[in-house]
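Here are my notes for you, written as numbered points. Please keep the coordinates open beside them as you read.

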Amino acid sequence: MTTLWGYSISETRSIDYDKNDKTFALYLAEKVPSSKLCIGCGSCTATCTAGNLTEFNIRKLQMLVKRGENQEALNNLSKCMLCGKCLLVCPRGVDTRKMILTLIQYLRK
Amino acid sequence: MKVIIIGGGPAGCEAAYRLANEGIQVDLIEKESTTGGHLNNWYQLFPDRKSAQEIGQLLRANLEHPNIRLHLNTEARNLQKTAAGRFSVLLSDQGLLEGDALLLTTGFKLFEAQRKEEYGYGIYNHVITSVELENLFSNHLLQLPEGKNPKRIGFIHCVGSRDEKIGNCHCSKLCCITAVKQAIEVREMLPEAEIFCFYMDMRMFGPGYEEMYREAQEKYNIKFVRGRLSEASETLDKQLVIKVEDTLIGKPLKMTLDLMVLMIGMEASEGSREAVRQLSLNQSPNGFIQSADPHYGTNRSNQKGIFLAGCSTAPMNLTDTLTDARSAACEIAAYLKQISSSK
């Protein structure tokens, strides 16, 4: 947007669930049913190698996908190193590694 | 020896039956035309989905005992401790009962949802309470007033609980698991709908509860969003719009709903409050009657001979209410034995 007067309108940060595209979320739920079991505890993020070095937050990333906030999720997806430590610590048995792989796969299609 | 029980909900019924079995005479006072209290408004129980009416009938059938005198459609008007350490209860039909001990099973009151005005209950079309949803389940019908099936349903946890602005800092304890149960029931009626629960914490305290929550997520595809509803509004075409923060993402979220279910909490009943006034009982800051000791004296009050059971002391699920009632019966039987031997 050109800012003739040096001002611009801020984009809303708010999640507009009705407008968001949920096909990515539906694909994830179908391919990795265990992803529905997340209780948001954050143990995956705490143990994450990538998360300790970058902004990567796997817990938040999958939640963004579930709400249809795809762009922000995609921006971070490549930071995962697929080490699978998150999978070991998840108390609900979410297949977190497969979740990331599935999301990457979807993007490649 | 005789015990007067005030309140014919599950706690009162169970305690009456257990006392009667010990050979103790019981007068059970109930203001409504039938026993069962709030249980009568329930369709299925968590976590096993047992019929609430089945339990209600069992409790009612137990009252047909020669040692129990049931006073229906009767209110306890005036409660007094006599000089001899006994109790007299003046009834709304002018009858006067006397007993050696008093048991208060005065239950709870449901939070009045319209007090939480920003949620729009009584103002917008598609806002109902958890109790109204139970009634819809009983009638096996879940439709909007326009005759359509709702496509997106939201359950709002903690309505009237954990909210100091409306004067309730306590957790009502069983709304979380009720929401999980009801969400599953809605899913069975509406396989295509999108169902959300908006919660602050999921307090799955009972056996089988966490398992039910897990099943709700995995098998029934119920979505859980951590965030308290801040406000609901209605568009010109009567569409509900809600605003919460998705606190695990850290962004405000808005969405439309076709039906919003308010999980209303529990407050001290009028009966409990009146008993506190008339009998100089200790009261917890949240309005419920305070037990003599939180660990070892849960059924005793600060007054000798006055006992408590069920939701007169705190929000409680049915399982705990019935257990508490049996515990109170045991405590009362011991008390009566003690006073009769000291005479």
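At 36% relative accessibility, does Glu118(B) count as buried, exposed or partly exposed? Glu118(B) counts as partly exposed because its relative accessibility is 36%, where buried means under 20% relative accessible area, exposed over 50% and partly exposed in between (1.4 Å probe, protein chains only).

1. Ground rules. This is a predicted model, in which local features need pLDDT of at least 70 and side-chain atom pairs count only at pLDDT 80 or more, while totals for chains, interfaces and linings use all residues. Residues are numbered from 1 along each chain as its sequence is written, chains are lettered from A and ligands numbered from 1 in the order in which they are written, and side-chain values use heavy atoms, with hydrogens and water left out.

2. The partner of Glu118(B). Its side chain meets that of Lys116(B) in a salt bridge, at 3.1 Å from N to O; the term stands for a side-chain nitrogen of Lys or Arg within 4 Å of a carboxyl oxygen of Asp or Glu. Lys116(B) counts as buried because its relative accessibility is 8%. Elsewhere, salt bridges that share partners join Asp18(A), Arg152(B), Glu194(B) and Lys223(B) into one network. Over all chains, a search of the whole structure finds 30 salt bridges.

3. A link within chain B. Glu14(B) and Arg326(B) form a salt bridge, with their closest N and O atoms 2.9 Å apart. Glu14(B) lies in helix H1 (residues 10–21) of chain B and Arg326(B) in helix H7 (residues 318–341) of chain B, so the pair ties together parts 312 residues apart in sequence. For these names, helices (H or I, at least four residues) and strands (E, at least two) are DSSP runs, numbered from the N terminus. Glu14(B) is buried, with a relative accessible area of 4%, whereas Arg326(B), at 35% relative accessibility, counts as partly exposed.

4. The interface as a whole. Contact (heavy atoms within 4.5 Å) involves 22 residues of chain B and 20 residues of chain A. The area buried between the two chains is about 2,000 Å², and carbon and sulfur atoms give 48% of that; buried area is the accessible area (1.4 Å probe) that two parts lose on being put together, summed over both. Leu248(B), Ile249(B) and Lys251(B) supply 31% of the area that chain B buries against chain A, more than any other three residues.

5. Between chain B and chain A the count is five salt bridges. In one of these pairings, Arg67(A) meets Asp246(B), with the closest N and O atoms 2.4 Å apart. Lys251(B) and Glu69(A) also form a salt bridge, at 2.8 Å from N to O. That pair crosses from strand E15 (residues 251–257) of chain B to the loop between helix H4 (58–66) and helix H5 (70–77) of chain A. Both Lys251(B) and Glu69(A) are buried.

6. Helix H4 of chain A. H4(A) is mostly covered, with seven of its nine residues buried; among them are Ile58(A), Leu61(A) and Leu64(A). The buried residues of H4(A) pack against helix H1 (23–31), helix H2 (43–47), H5, helix H6 (85–89) and helix H7 (96–108) of chain A, together with E15 of chain B. At the N-terminal end, Asn57(A) caps H4(A), with a side-chain oxygen 3.1 Å from the backbone nitrogen of Arg59(A). Gly68(A), whose phi is positive, near 80°, follows H4(A).

7. Tyr213(B). This residue lies in helix H5 of chain B and counts as buried because its relative accessibility is 4%. Leaving out residues up to four places away in sequence, Tyr213(B) touches Ile39(A), Arg92(A), Val180(B), Met202(B), Met204(B) and Phe224(B).

8. The segment before strand E1 of chain A. Leu4(A) lies in this segment, ahead of strand E1 (15–16), and counts as exposed because its relative accessibility is 72%.

Definitions and conventions: A polar contact is a pair of N or O atoms within 3.5 Å; within protein, one must be able to donate a hydrogen and the other to accept it, and residues adjacent in sequence count only if both atoms are side-chain atoms.
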